[in-house]
Structures are given as structure tokens and as C-alpha cells.
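Please examine the structure shown below. The paragraphs that follow lead through some of its features, one after another.

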Amino acid sequence: MRRIGFFIAVLLLGLLAGAASASTVVKIRLDDTIQPISEEYIDRTIEHARQINADAVLIEINTPGGLADSMRDIIQKILASPLPVIVYVAPTGARAASAGFFILESADVAAMAPGTNTGAAHPVMMGGEKMDDVMKAKVENDSAAFMRSFVGPRGRNVQLAESAVRESKSWTDQEALQQHLVDYIAKDQNDLFKQVSAHPVKRFDGKEVKLNLVDAHIEEMQMTLRQHILDFLLDPNIAFLVLAIGALALYTEFNHPGAVVPGVVGVVFILLALFALNLLPTRYAAFTLIIAAFVMFVLEAKFATHGILGLAGIALLTLGGLLLVDGPIPQMRVHFWTAAGVSIPLGIITVFLMSIALRARRNKVVTGQQGLIGAIGEARTDIDPEGKVFVLGELWNAHARSRVGMGDPIIVRKVEGLDLEVEKK
């Protein structure tokens, strides 16, 4: 019995030791443009992995690129990470283009799934504008030097990586592996972990570490609610739509004071849009075009120019939307169909609401004392200078400056308390 008990105890200790030695990998999925929320998400993940003593961080990436400042911040976090960072371009059909290529090359382990591609990291000015030769040389040299600063220490092909910056070259997964731009091609996560476990990982400081990630425990980090909301709003098309809805709601409140709900919705939406636009490369001069568009809508409603000013307003609003976000890639700009699809209905609705408001202000008041002025009635007695009149279904005391005979039609010219000043019609 003692031998059996001893054997069970040893077995339990072995199982506990095996469980304790199981590796932990913190994983995130980056399937978006590279922007400030991406940087915050990765920074939070690396810090969390450090706190729980994880063995590695896995960033599964699929991105068309993004903002250079956010990209540099992400790379700084990866290079300074106390634990290895694996960047894996996946699933099949994914890409790590432009800023994504920089991030891939900065990783301790760079890997791609079959059927993926990477590269095309030539720097562009915001909005895709053409640079003059001097500025182009400066930006290219700066980006190329930045690429060399971490590709060399990682032991990858510096010259080829630099060609992605200077010549916008791109590579398939097989080409990238053959030319030493990535370390592995892995069909899935388990395949990747097996390959990583078979070779030591060279860190940025030159040290080598051995990772045993086979059957590792995977902890997936999710964005916080705040990050989810901001990530959604940082789509320039969404930010423009939210801004337009907020402006329309606020405009409705101005035309119907006291409605409250449109005013509250308008303020909240505009603040959300401005907060998101503050994190994006925004051309604030575009707001001038947007404001001018609403001025055009008001003038169209007031002067009825048969749609000329309304069309001008729609054109200005569309142009303002297109120029609002000055992103380096098409995915980080407001699309034409989004700008037009928002501007045309918004212009029509705004002109319609303004027309109703102006028409209501021009109409004669028909209630209260002011509603009596101009009303037609009948003299029920002689008025010389005082008498009785019947107006709007009621009998009133009245006086007149000239005699009015009983039965004569009268018109109300003035209301003085409970007396009416009338004259013969």
C-alpha cells in the first residue's frame, strides 16, 4: 500500500509540474488599419503578457497599412518587449502591406500563412499627394534607415526589405521565406508553434531564447469597450456619417427649440465625431466647406433659387467630406460614395426642414390676442364710438374712430385688454 501511495504521489507531482511548466501565449488579432487604437491595443497586450509572465505574444495581422506615427510607436513597443513577439500574417488571403510590412519585419519571429503577401512599404504623403523630389528623398531615406535599424539586428535581408520602401516591392509568402524576409510559413497556429519550438529565437539585443510553445495555453486579449467604440469611429466613413447625423440633429433642434432630444443627440454625435477625427489626420479646413454647405441650404430655403444653392451646398458638403480625413492609404479616407450618399439626403432634408420653419414664421398668428388682429366680424350694435361686435364666435366690446352702423362688417385693427379697436370693412 505504501508503494502504491508513493507512486500516486509521484504521479500527481509530475502532473502538477507538467501543468506548471506549460507555456502561455497571449494572442491578439489585428484585422484593421494601423492607427492609434491599434498601437494602444498592442501596448496593452505586451504589458499584460509581461505581468502574467507569458512566454510570448502572438499578433495575427491582416492590414493594408496605416499611419506612420502609430506604426513607429508599435515597433518601438515590439523592440522593447521583455518577451518575444511573434507576428503572423494570417489567414490565407491576408496581407501585411505598407506599415504592416514594417511591423512584420520588426518582430522576433516573422511568419506568414500560405497564400498571403507583404511589402509595398513606400512612404506617401497624407492624402496620397505627390511629393517634390527633395521631400521625396528625405522621406524615403528616413523610412529606409528606420527599416534597416531593426531588420539587420533581426538577421533578415536588409537590402530586400529596403527595396519595399524605395521601390514598393511586394512578395508572396514563398518569396518572402526564400529571400529571408520572414522566418516561417505556417499553415495554422499549431504548425507555427511547432516550427518556432524547433529553433532558438534571436532577440533584438542579440540574446537567444528557446521557446517551447507546443500545446501552449493561448490567452486571447480582446479590446476594451472603449477601444471597440473608438476603433469603430476611427473609420473615416463612420466618423463623417456620425458628424453629419449630429449636425442634422442639432439643426433640427435650432428649428424646433425645446424638442431636447435632437439637441442632445446632436451634441453627443458631434463630440464623438470630433474625438475620433482628433486621432486621425484631419484637414480642419474641410470644416469650412461643411459649414458653407449648411449656409447654402439655409439660403436655398429662404430665397427659393430653384435648387441652385441647394446643389451648391450638396457639392460643398461632398467635397468637405472627401477632404476631411487626410489618410495615407485609401482605406483611411472618406470614400466618394459615402460622401455623396450622406450629402445628398442631408441636403434635401435640411432644405425641407428650413422651408417649413421659414414658412411657419411668415404665416399670420391665428391664436391668442394677436390672432384677433385682422379678423373679420360684424357690428351687433351701432358703434359711435363704442358698441358690441361679433368676432370669431364671440361677442366683444369695441370702439371705433368713425361711426359704424349695426350689421356692418368690421375688421379688428387693435386689441386693448378686453376691448377691440375696429373699423368698417
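Gly 393 is exposed in this predicted model, because its relative accessible area is 55% and the term exposed applies to values over 50%. The residue sits in the loop between β13 (386-391) and β14 (394-400). Along the sequence, Gly 393 and Gly 377 are separated by 16 residues, while in space their C-alpha atoms lie 8.9 Å apart.

Attention may now turn to charged side chains. Side chains of opposite charge can pair when their charged atoms come close. The structure contains 20 salt bridges. One of them joins the side chains of Glu 40 and Arg 226, with a distance of 2.5 Å from N to O. This pair links distant parts of the chain, since Glu 40 belongs to helix α2 (residues 36-51) and Arg 226 to helix α9 (residues 225-233), 186 residues apart. Glu 40 is partly exposed, with a relative accessible area of 26%, and Arg 226 is also partly exposed, at 44%.

A salt bridge is also found between the side chains of Arg 50 and Glu 47, again with 2.5 Å from N to O. These two residues are 3 apart in helix α2, so about one helical turn separates them. Arg 50 counts as partly exposed at 40% relative accessibility, and Glu 47 is partly exposed at 32%.

A further salt bridge connects Asp 408 with Lys 424, whose closest N and O atoms are 3.7 Å apart. Here too distant parts of the chain are linked: Asp 408 lies in the loop between β14 and β15 (409-416), and Lys 424 lies in strand β16 (residues 419-424), 16 residues away. Lys 424 is partly exposed, with a relative accessible area of 48%. Elsewhere, Glu 140, Arg 148, Glu 162 and Arg 166 are linked in a network of salt bridges.

Val 260, Val 261, Val 264, Val 265, Val 268 and Leu 272 make a nonpolar surface patch of about 460 Å². Of these, Val 260 is placed in the loop between α10 and α11 (261-279).

How many cavities of 30 Å³ or more are counted? The count comes to 1, and the largest cavity holds about 40 Å³ of space. Its lining consists of Phe 240, Leu 243, Ala 244, Ala 247, Ile 290, Phe 294 and Leu 317. Helices α10 (236-255) and α12 (286-303) each supply at least two of the lining residues, and α10 gives the largest share, 4 residues. By type, the lining comprises 7 nonpolar residues, no polar and no charged ones.

Notes
Residues are numbered from 1 along each chain as its sequence is written. This is a predicted model: local features need pLDDT of at least 70, side-chain atom pairs count only at pLDDT 80 or more; totals for chains, interfaces and linings use all residues. Side-chain values use heavy atoms; hydrogens and water are left out. On a 1 Å grid over the protein atoms alone, a cavity is a set of points where a 1.4 Å probe fits but cannot get out, and a pocket is an open set with protein on both sides within 12 Å along at least five of seven lines; lining residues have an atom within 4 Å of a point. Grid points are joined across faces, edges and corners, and a volume is the space filled by probe spheres set on the points. Ala, Val, Leu, Ile, Met, Phe, Trp, Tyr, Cys and Pro count as nonpolar, Asp, Glu, Lys and Arg as charged, and the others, Gly among them, as polar. Patches are made of residues with over 30% relative accessible area and no salt bridge: like charges are joined within 9 Å, nonpolar side chains (Val, Leu, Ile, Met, Phe, Trp, Tyr) within 5 Å. Accessible areas come from the Shrake-Rupley method with a 1.4 Å probe; for residues, only the protein chains shown count as cover. A salt bridge is a side-chain nitrogen of Lys or Arg within 4 Å of a carboxyl oxygen of Asp or Glu. Buried means under 20% relative accessible area, exposed over 50%, partly exposed in between (1.4 Å probe, protein chains only).
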